[in-house]
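Please look at the sequence and the model shown below before reading on.

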Amino acid sequence: MITFPINRTAQGSLGVAAAVAIACAALFFAPGAASASTLTDSEVTPPVQVEPIDPNDPVIYSDGTITGGDSNLFGTDRCGSTASFPQFGAYGPESQATCSFLGSPGAQVGYTWSIAPFSRSEACVSGLGYNAARSPVYFGVGCGKSGAKNVAWGNVAGYQKLKAYATGLLAGGMIAWH
């Protein structure tokens, strides 16, 4: 065997270089081991439940499937409710949907609303959603006689809620929404 003389400084440098090369190769060839904290499709985290859900209410999932009720409920008045709003521009009481919603990461919920035909006023409407920290936020979903808008919901389980106020000072009214 032929040996080549290597001084101590070069020998130490080769040891460090070899360790770095081995570590890089391990990260390159085994990315799954380096990121063991990522979730697979089978390990989806359940939604955070923000309020009690009545087990008798239909449940709408973020993919559109419905359990516990008629599959024709989604997007109909039967899942929504009515909301009233007073005159003088104050918010009316909060109105809650009759179906609960189980979100998922990145999910959005839709609000579709219209002023009752007998109402003489127009309204500005806000729908409940959730920010990235899962804190409740009311998003504006439109002003006028009717409107529709999707708002952020995320990985949250709860009920959609809506509130409105009259844009004119003369009359309040009713809103049908889903």
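The points that follow concern a sheet and a group of charged residues.

The model is predicted. Glu-51, Glu-94 and Lys-161 are linked in a network of salt bridges.

- Five bridges join strand 4 to strand 11 (residues 173-177) in the antiparallel sense.
- Ser-84 has Met-174, in strand 11, as its bridge partner.

- Lys-161 belongs to strand 10 (residues 156-166).
- With a relative accessible area of 13%, Lys-161 is buried because this value is under 20%.
- Leaving aside residues up to four places away in sequence, Lys-161 touches several residues, including Tyr-111, Tyr-138 and Trp-177.

**The salt bridges**

- Lys-161 forms a salt bridge with Glu-51, and the closest N and O atoms are 3.1 Å apart.
- This pair links distant parts of the chain, 110 residues apart, with Glu-51 in the loop between strand 1 (48-49) and strand 2 (59-61).
- Glu-51 is buried, at 15% relative accessible area.
- Glu-94 also forms a salt bridge with Lys-161, with the closest N and O atoms 3.9 Å apart.
- Glu-94 lies in the loop between strand 4 and strand 5 (95-102), 67 residues from Lys-161.
- Glu-94 counts as partly exposed, at 48% relative accessibility.

Conventions: Residues are numbered from 1 along each chain as its sequence is written. This is a predicted model: local features need pLDDT of at least 70, side-chain atom pairs count only at pLDDT 80 or more; totals for chains, interfaces and linings use all residues. Side-chain values use heavy atoms; hydrogens and water are left out. Two strands pair if DSSP finds at least two bridges between them. Helices (H or I, at least four residues) and strands (E, at least two) are DSSP runs, numbered from the N terminus. Buried means under 20% relative accessible area, exposed over 50%, partly exposed in between (1.4 Å probe, protein chains only). Contact means heavy atoms within 4.5 Å. A salt bridge is a side-chain nitrogen of Lys or Arg within 4 Å of a carboxyl oxygen of Asp or Glu.
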